[in-house]
Amino acid sequence: STCSWGVIDVDVYNLNHKELIKTVRERKYPLVPYRSKSNGLHLVLHVDGAVPAFKMRRLLNDYAADLGVAGTTTDIFPAQDQVDLTPEKWEDKSKGNFVNLPYQHAARTTRMALYDNGMGVPLNDLYKFVKEHRVTPKQFDELKVDQQEFDKLGYPPCVVSFLKNGVKEGEGRNDAMFNVAVMCKKINPDEDYWPEHFRELK
């Protein structure tokens, strides 16, 4: 199955929209932010053409992890690699999941694309705004998470995410530090080395 757009649905009610958008821009990810119905954020990747759904899902999962928003309150759309709508009966079709679309009741909506400063993009300006970030299928195939400075150190993606985004108390910080300690011990089990390495990363 193919798609021409995908969504990272960040379903966090007290989300700092401007802060997350700033991080997206700093990492040069071509995502268009839309305020969602729950006041979370939909980060949409628009493609000028069609790309395999499994590739879109893989990339958006990587982006979500790198941005520090992967978790139980975040969904990725498309939600399936494959759908099949060829069977005649509705119950026999292998259907995809739905995602709430923006600009409903457009004149008074809060579900709209956001500029980098957090202000809403008027519907009349949406096409121009999306076009600035939309990628071709060829450009899509070249997109990836930039972790070169960490890759050469052999750090796994979960630890890279902790180091790049930080983890606050009450948001899994203890689990994060445990994973960092395990990694340090695997890199060098010497009891005189790994605890010092761990303290440097804390």
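**Close-up 1. P78 and its cis peptide bond in the predicted model.** P78 sits in the loop between β4 and α3. In this predicted model, the peptide bond that runs from F77 to P78 is cis, and its omega is near 5 degrees.

**Close-up 2. Y103, a residue with positive phi.** Y103 is likewise placed in the loop between β4 and α3. Its phi is positive, about 65 degrees, although Y103 is not a glycine. Y103 has 10% relative accessibility and therefore counts as buried, the cut-off being under 20%.

**Close-up 3. K28, a residue with positive phi.** K28 belongs to the loop between α1 and β2. Phi of K28 is near 60 degrees, which is a positive value in a residue other than glycine. The relative accessibility of K28 is 71%, so K28 counts as exposed.

**Close-up 4. The stacked pair of Y29 and Y63.** Two aromatic pairs turn up in a search of the whole structure. In one of them, Y29 and Y63 are stacked, with 4.0 Å centre to centre and 20 degrees between the planes. Because Y29 lies in the loop between α1 and β2 and Y63 in helix α2 (residues 53-67), the pair ties together parts that are 34 residues apart in sequence. Y29 and Y63 are both buried.

**Close-up 5. The edge-to-face pair of Y115 and F129.** Y115 and F129 form an edge-to-face aromatic pair, at 5.3 Å centre to centre and with 80 degrees between the planes. This pair links distant parts of the chain, 14 residues apart: Y115 is in the loop between β4 and α3, and F129 is in helix α3. Y115, at 29% relative accessibility, counts as partly exposed, whereas F129 is buried with a relative accessible area of 5%.

**Close-up 6. The four-stranded sheet.** The four strands make an open sheet in the order β2-β3-β1-β4, and their pairing is antiparallel. β2 (32-35) and β4 (74-77) are the edge strands, each of which pairs on one side only. From one strand to the next, the twist averages 20 degrees. Strands β1 (residues 2-10) and β3 (residues 41-52) pair over eight bridges in the antiparallel sense. In this pairing, G6 stands opposite L45 of β3.

**Close-up 7. Helices α1 and α3 against the strands.** Helix α1 (residues 17-26) packs on the sheet and touches β1, β2 and β3. The direction of α1 makes about 35 degrees with that of β3. Helix α3 (residues 123-133) lies across β2 and β3 and runs at about 140 degrees to β2.

Definitions and conventions:
Residues are numbered from 1 along each chain as its sequence is written. This is a predicted model: local features need pLDDT of at least 70, side-chain atom pairs count only at pLDDT 80 or more; totals for chains, interfaces and linings use all residues. Side-chain values use heavy atoms; hydrogens and water are left out. Two strands pair if DSSP finds at least two bridges between them. Helices (H or I, at least four residues) and strands (E, at least two) are DSSP runs, numbered from the N terminus. Axes are lines fitted to C-alpha atoms, for helices over the stretch in contact, and angles run from 0 to 180 degrees between N-to-C directions. Contact means heavy atoms within 4.5 Å. Rings of Phe, Tyr and Trp (its six-membered ring) pair if their centres lie within 6.5 Å; planes under 30 degrees apart count as stacked, over 60 as edge-to-face and the rest as tilted. Buried means under 20% relative accessible area, exposed over 50%, partly exposed in between (1.4 Å probe, protein chains only).
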